[in-house]
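This report walks through a single protein chain. It starts with confidence, then turns to helix packing and a few individual residues.

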Amino acid sequence: MTKPVPRRWMRWLAPAAALLIAAIAVAILHREMRSFSYHEVLGRVRAIPPSRVLSAIVLTGLVYCVLPCYDLLALRYVQRPVSFLRIGFASAVSYALSQTLGLAALTGGAVRYRFWSAWGLSAPDITRAMAFIGVTFTVGMLTVLGVVGLTEAGDLAPMLHVPKGVVLMLAGMFFATAAGYVAWCARHSGRDVRIRDISASVPPVRLAVGQTLVPLVDWTLAGAVLFALFDLHPGPGFLQFLAVFVAAQLIGLASHVPGGLGVFEGAMLVLLRPFAPPDVILGTLVAYRAVYYLMPFTLGVATLVAHEAWRSRHRVQSTLDVVGRWMPTVLPDAMGMATFAAGAILLVSGATPSIRSRVAFLDRVLPLGMIEASHFVASLAGAALVVLGWALRRRLDAGYGLTVGLLSIGIASSLLKGLDWEEALALSVVLAMLVGARGAFTRKTALLAEPLEPDWIVAVIAVVGASVGLGAFAYRHVEYRADLWWEFTRHGDASRFLRASVGVAGVLFVFGLARLLRHARAVPALPTTAELELARNIACASRDTTANLALMRDKALLFSRTGRSMLMYAVESRSWIALGSPVGDPAERVELIWRFREMADSYGAWPVFYQVTAESLPMYIDLGLTFLKLGEEAVVPLSTFTLDGSDRKGLRRTQREMSRQDVRFDLVPVEGVASILAELRAVSDQWLASKRVREKGFSLGRFDERYLQLFPVAVARRQGRIVAFANVWLGGAGSELSIDLMRYSDDAPHGVMEFVFIELMSWGRSAGYLEFALGMAPMAGMPEHALAPLWNKAGAFLFRHGEHFYNFQGLRQYKEKFDPVWRPRYLASPGGLALPRILGNVATLISGGVRGLVAR
């Protein structure tokens, strides 16, 4: 049994810290705004002069002219030049999404990957470029804080309530760090460095200088957007304001709340309190959110959808088809975030006052009870949707169905509770995208069985807490009374908010309780007798004969929830290695591989799939795995197998020679194997001793009496005594025939195993089997092109020149005499720097331990 990775509780540290920061921000907002009403804040937003709003919009446009320079520097670092127009388009869209939604790796990073991969960048190039952008962002922020702190220390100290010396010391540290980075790059330019498991080259000094200047301009313009909206007289100078702005943004980023929502506002309220009343500050920040975040986000989404539609214009049958093909590699993440946002919209709407004129109109045409019920149901749907966003990221079929239903309910409820057509329209867009993306959500897995990430739990708590806090602020002028809970009137928004809040808390409580009471996750363990019997039934029906290796009892078995499919795997160090793809019902394969990956992830391990076929690669692409060609499997079509013709004279000669030496073939049925086990053991022991090898495992059978008695055994007898044998795998529905354990004695005549193959193929053809699997030829079929990947070049070299270590070419040539069809086999794994360890783990597992690697 495998024990979990120690200190798994550390996964909760960052989310818990984020939740703590968000809670402090909400407390600050509540304290600062206790003397102001919801309507006063909205009045402050409307009071901002149009000229200031226009200036902010222009400055926002300038920011989006600078942002592409981050990507320009990164692409030059990886030496993949792309035109500035292309870079500008991709970066503007990605930043519009990531700055609003947060989770840059899943939003802006996914969009970048979509464009950069289409422009020919490899996955390693994209990874290095995005890491470079992260370094640029960090160095730039240090530069801004350093420059502003050193130049405005005297004015900043009173604002921050710290001594001037502290400001100078921190600013000096920030600036020295940024300057030290540039100097380090100037000295070590082009040198390879390694930080933990990441290897990269030091950028040239011109790029390092760009990494300080571009963020400096970016942050300056971003701060100018907010500064333009404020009317602070008297107030701080621009550089002082910029330092406050950057510090507040840094706190918002540290919280991991999408867009720093609430956290940034709380920090600005505290830092700007001496210069303006809280309602003016918060009203201006709301306008800033609309100009700097919401407007670019809306344009970015529209631009991205239009771009994808234009690219697909010759194939698009309908709008839903376009959306359904939108960013297929990141669609579940995108739809999960969109669903979360839709739920947040419903929660916020349920917590804020409705528009009186719209409710008055509804009151004339609908019963009051329907309006009340619609408000309550909309809030419950919002709570469920923020949770179901996680299920869509997991590609769950059940999550898809529930989300479609709840979005439909949310659209109807939004219209019935207050004619909120704006939210209904937003939810309709999400629903249309989701319906068009139906094919991405195919995992038939129970919702409560899926792991819920700490980050998502914190996000749900944060958005529900924010909506409750917003409602408390909006209705603070309403005096609390016990009968307020049961007050049903046309404009009873405060009562509806109270009832909806309790309903939302109840929904989340029931969901959390159901998860706590669910069955504990099973740990990898060897199969029980009942599981082996179930595995045997699946293997007997499978067309893939390697499924029989599940009966070796050296691998754990993962079954589908219906019991019609299974995946066999073993654990070696950090690698969870599955042997091939799932076998059984094809419709359940995706579910099993995702469950396997999630089980591995819960233990901090690498999911690895060994010897998968080319046809199954799309499933593993969706898991984000990379592929390594292991070799090619030889498969003989039995319908065309014959001993006639000049090219088969070698096989006929083998038959004649065996006949001359009185060697006879026999296929012993399952019920007769027990009577010959002693002879088989003697042959096996001789073979192991003469070859000086140990028993292997995992993907190779070993001599085990219980295992051998599950299959027919092909034997070659000489003068009545067994001199060679092989256990026979029979595929389901007469599909495939193969062998596993092959052994022969010291006095067996030369060519005896070839004779066994010939006779088995002849028997299989007469019995109606379609194919005979001869096994894999390692390193075979590796391309030797100059542009081939390094692993393929090494494999091709080893295939040609590695005969001292392993008979690579001889094995392929031996199998070629049967005129087989060669089918590639791959290793699917996380790849990257983990690949050498993964390959070592696979070799150790097959060899039966580290000793087996050394001692054969």
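Over residues 793-808, where pLDDT stays under 50, how many contacts beyond four places in sequence does the model have? The model has 28 such contacts for that stretch.

## Confidence

The model is predicted. Its protein chain has a mean pLDDT of 78. Of the residues, 78% reach 70 or more.

Residues 793-808 are one stretch where pLDDT stays under 50. Residues 1-7 are another such stretch. For residues 1-7, the model has 12 contacts beyond four places in sequence.

## Overall make-up

The chain has 856 residues, and 50% of them count as buried. Its secondary structure comprises 32 helices and 14 strands.

Sequence separation gives a further view of the chain. Take the contacts between residues at least 6 apart in sequence: 73% of them join residues at least 24 apart.

## Helix α3 against α10

Helix α3 spans residues 50-66, and helix α10 spans residues 205-229. Their axes come within 8 Å. The crossing angle is roughly 165°. Angles over 145 degrees count as roughly antiparallel, so α3 and α10 are roughly antiparallel to each other. Their crossing is left-handed.

From α3, the contact takes in R52, V53, S55, A56, L59, T60, L62, V63 and V66. From α10, the partners are V214, V217, D218, L221, A222, A224, V225, F227, A228 and L229. By class, this contact has 15 nonpolar, 2 polar and 2 charged residues.

## Helix α3 against α4

Helix α4 covers residues 68-77. The axes of α3 and α4 come within 4 Å and cross at roughly 5°. Angles under 35 degrees count as roughly parallel, so α3 and α4 are roughly parallel to each other.

Y64, C65 and V66 are the α3 residues in this contact. They meet P68, C69 and Y70 in α4. The contact has 6 nonpolar residues, with no polar and no charged ones. V66 is in the contact of α3 with α10 and also in that of α3 with α4.

## The buried residues of α16

Which residues of helix α16 are buried? In this helix, residues 356-365, they are R358, V359, A360 and L362.

These buried residues pack against three helices: α17 (368-393), α18 (397-418) and α19 (421-436).

L419 sits in the loop between α18 and α19. Its phi is positive, about 50°, although L419 is not a glycine. Is L419 buried, partly exposed or exposed? Its relative accessibility is 28%, so L419 counts as partly exposed.

Q719 lies in another loop, between β10 (713-718) and β11 (721-730). Q719 is a residue other than glycine, and its phi is near 55°, a positive value. Relative accessibility is 67% for Q719, so Q719 counts as exposed.

## S766 in α28

S766 belongs to helix α28, which runs over residues 752-766. Why does S766 count as exposed? Its relative accessibility is 62%, and exposed means over 50%.

Methods: Residues numbered from 1 in each chain as written. Predicted model: local features only at pLDDT ≥ 70, side-chain atom pairs only at ≥ 80, totals over all residues. Heavy atoms only, no water. Axes fitted to C-alpha atoms, helices over the stretch in contact; angles between N-to-C directions. Helix = DSSP H or I, 4+ residues; strand = E, 2+ residues; numbered from the N terminus. Parallel < 35°, antiparallel > 145°, perpendicular 65-115°, else oblique. Left-handed = near helix turned anticlockwise from the far one by under 90°. Contact = heavy atoms within 4.5 Å. Nonpolar A, V, L, I, M, F, W, Y, C, P; charged D, E, K, R; others polar. pLDDT = per-residue confidence, 0-100. Buried < 20%, exposed > 50% of the residue type's maximum accessible area, 1.4 Å probe, protein only.
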